[in-house]
Amino acid sequence: MAMKRMASTTIQALSSASSSLVLTRRLHASPGSKKIVGVFYKANEYASMNPNFLGCAEGALGIRDWLESKGHQYIVTDDKDGPNCELEKHIPDMNVLIPTPFHPAYLTADRIKRAKNLQLVVTAGIGSDHVDLKAAAAAGLTVAEVTGSNTQSVAEDQLMRILILVRNFLPGYHQVVNGEWNVAAIAYRAYDLEGKTVGTVGCGRIGRLLLQRLKPFNCNLLYHDRIKMDSNLESATGAKFEEDLDAMLPKCDIVVTNLPLTEKTKGMFDKGRIAKLKKGVLIVNNSRGALMDTQAVVDACSSGHIAGYSGDVWYPQPAPKDHPWRYMPNQAMTPHISGTTIDAQLRYAAGVKDMLDRYFKGEEFPAQNYIVKEGELASQYR
């Protein structure tokens, strides 16, 4: 049986367009100790405040003892940028890289070229656009993420942001902090969510959950996606499919993005597309900052064409101190936090451990977790 499985694996590899590289970087781990590198943000004094705070460098996904008990080397760092960073020291001989969207280690084509022993990249969370996916595919790497691990977390966060913008919450909060009291300064642009038209651009797991959570608010719900939902799901969400994105956008009081960052979606909300939006539109973007033209968003917020912009994704990340979104009017931005609640951390930590265990045993991952497999990109990244 083992010989049969080995022969099957070899035949599949030889049929691949990049067969020699797939053979040298096959997913199934060879025997012996592996060097695994995790890149996470540092929590410092907050690390000890919650035993389930696993997504930080100190928590290290809670898998250090397990990996070391199996004889593997586990390096964890937050130092990921520049030619002299800690990550660079481990590029030549690491076997597995575990990055995260919340403190992304950008795995460029150059880094992939120099990572001769790298076989597997497992994103602790959702969204692997910090990896040059075409270069990863050409090199025969496997790239995976913990699909579904933060779905509830992000959908809840999007709903919160919609309400914060609709009700003009932040100016009221700032009044309290500053010792002020001016109801008119808040009320002149505070509305009810009921009756508003909300459109989601992209309607995968998170988009569908958001629509389900919005349904009790009696909104007019629209969605645009590559694939139309089946009739039962449409009925459950109460949403209407819009095939033409540019026809949907002017109808929306609130636009929410639920898209991966790809070559096709990068910068899709440019000056021209933003001009098509309804004047006074509210935008929630928890997908990726680079979906937006940075300056076009600033200009539209400054003119009032965008009445409010909220999200937790920036480009680049972490956002530099001079990033213009920090200073534009009517914004409700945060650091990248929506998908890294403690509950989400427990889910993606467990998912990473499961995939590492499968990697050591030579087993397949859950099919939905693959982003690059045997030289092929997942459909959402093509």
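L120 stands opposite T142, a residue of strand β5. The model is predicted. In it, β4 and β5 pair in the parallel sense over 4 bridges.

- Strand β5 covers residues 142-145, and both of its faces are covered.
- T142 and A144 are buried on one side of β5, while V143 and E145 are buried on the other.
- In a regular strand the side chains alternate between the two faces of the sheet.
- Strand β13 (residues 370-373) is joined to β5 by 2 bridges, and these two strands run antiparallel.
- A144 stands opposite Y370, which belongs to β13.

**The mixed sheet**

- An open sheet is formed by 7 strands in the order β2-β1-β3-β4-β5-β13-β14, with mixed pairing.
- The edges of this sheet are β2 (73-77) and β14 (376-377); each has a single partner strand, so one side of each is left without a neighbour in the sheet.
- Helix α15 (residues 342-361) packs on this sheet and touches β1, β3, β4 and β5.
- The direction of α15 makes about 160 degrees with that of β4.

**The parallel sheet**

- Another open sheet of 7 strands has the order β8-β7-β6-β9-β10-β11-β12, and its pairing is parallel.
- Here β8 (239-241) and β12 (331-333) stand at the edges; each has a single partner strand, so one side of each lacks a neighbour in the sheet.
- On average, neighbouring strands of this sheet are turned by 20 degrees against each other, direction ignored.
- Within the sheet, β10 and strand β11 (residues 306-311) run parallel and are joined by 5 bridges.
- The bridge partner of I283 in β11 is Y309.
- Helix α7 (residues 151-166) lies across β6 (197-201), β9 (254-257), β10, β11 and β12.
- The angle between α7 and β10 is about 155 degrees.
- Helix α10 (residues 205-214) also packs on the sheet, where it touches β6, β7 (220-224), β8 and β9.
- The direction of α10 makes about 170 degrees with that of β7.

**Salt bridges**

- Side chains of opposite charge can pair when their charged atoms come close.
- A search of the whole structure finds 18 salt bridges.
- One of them joins the side chains of D93 and K35, at 3.0 Å from N to O.
- D93 lies in the loop between α4 (86-90) and β3 (96-98), and K35 lies in strand β1 (residues 35-39), so this pair ties together parts that are 58 residues apart in sequence.
- D93 counts as partly exposed because its relative accessibility is 35%, whereas K35, at 10%, counts as buried.
- D129 forms a salt bridge with R288, and their closest N and O atoms are 2.7 Å apart.
- This second pair links distant parts of the chain, 159 residues apart: D129 is in the loop between β4 (120-123) and α6 (133-138), and R288 is in the loop between β10 (281-285) and α14 (294-303).
- D129 is partly exposed, with a relative accessible area of 24%, but R288 is buried, at 12%.
- The side chains of E364 and K373 meet in a salt bridge of 2.7 Å, N to O.
- E364 is partly exposed, with a relative accessible area of 37%, and K373 is partly exposed too, at 30% relative accessibility.

**Surface residues**

- A nonpolar patch on the surface is formed by F169, Y173 and V177, which together have about 320 Å² of accessible area.
- V177 is placed in helix α8 (residues 169-177).
- The relative accessible area of V177 is 52%, so this residue is exposed.
- Y188 lies in the loop between α9 (184-187) and β6.
- Y188 is exposed as well, with a relative accessible area of 62%.
- Y188 and N168 are 20 residues apart in sequence, and their C-alpha atoms are 9.1 Å apart in space.

Key. Residues are numbered from 1 along each chain as its sequence is written. This is a predicted model: local features need pLDDT of at least 70, side-chain atom pairs count only at pLDDT 80 or more; totals for chains, interfaces and linings use all residues. Side-chain values use heavy atoms; hydrogens and water are left out. Patches are made of residues with over 30% relative accessible area and no salt bridge: like charges are joined within 9 Å, nonpolar side chains (Val, Leu, Ile, Met, Phe, Trp, Tyr) within 5 Å. Accessible areas come from the Shrake-Rupley method with a 1.4 Å probe; for residues, only the protein chains shown count as cover. A salt bridge is a side-chain nitrogen of Lys or Arg within 4 Å of a carboxyl oxygen of Asp or Glu. Buried means under 20% relative accessible area, exposed over 50%, partly exposed in between (1.4 Å probe, protein chains only). Two strands pair if DSSP finds at least two bridges between them. Axes are lines fitted to C-alpha atoms, for helices over the stretch in contact, and angles run from 0 to 180 degrees between N-to-C directions. Contact means heavy atoms within 4.5 Å.
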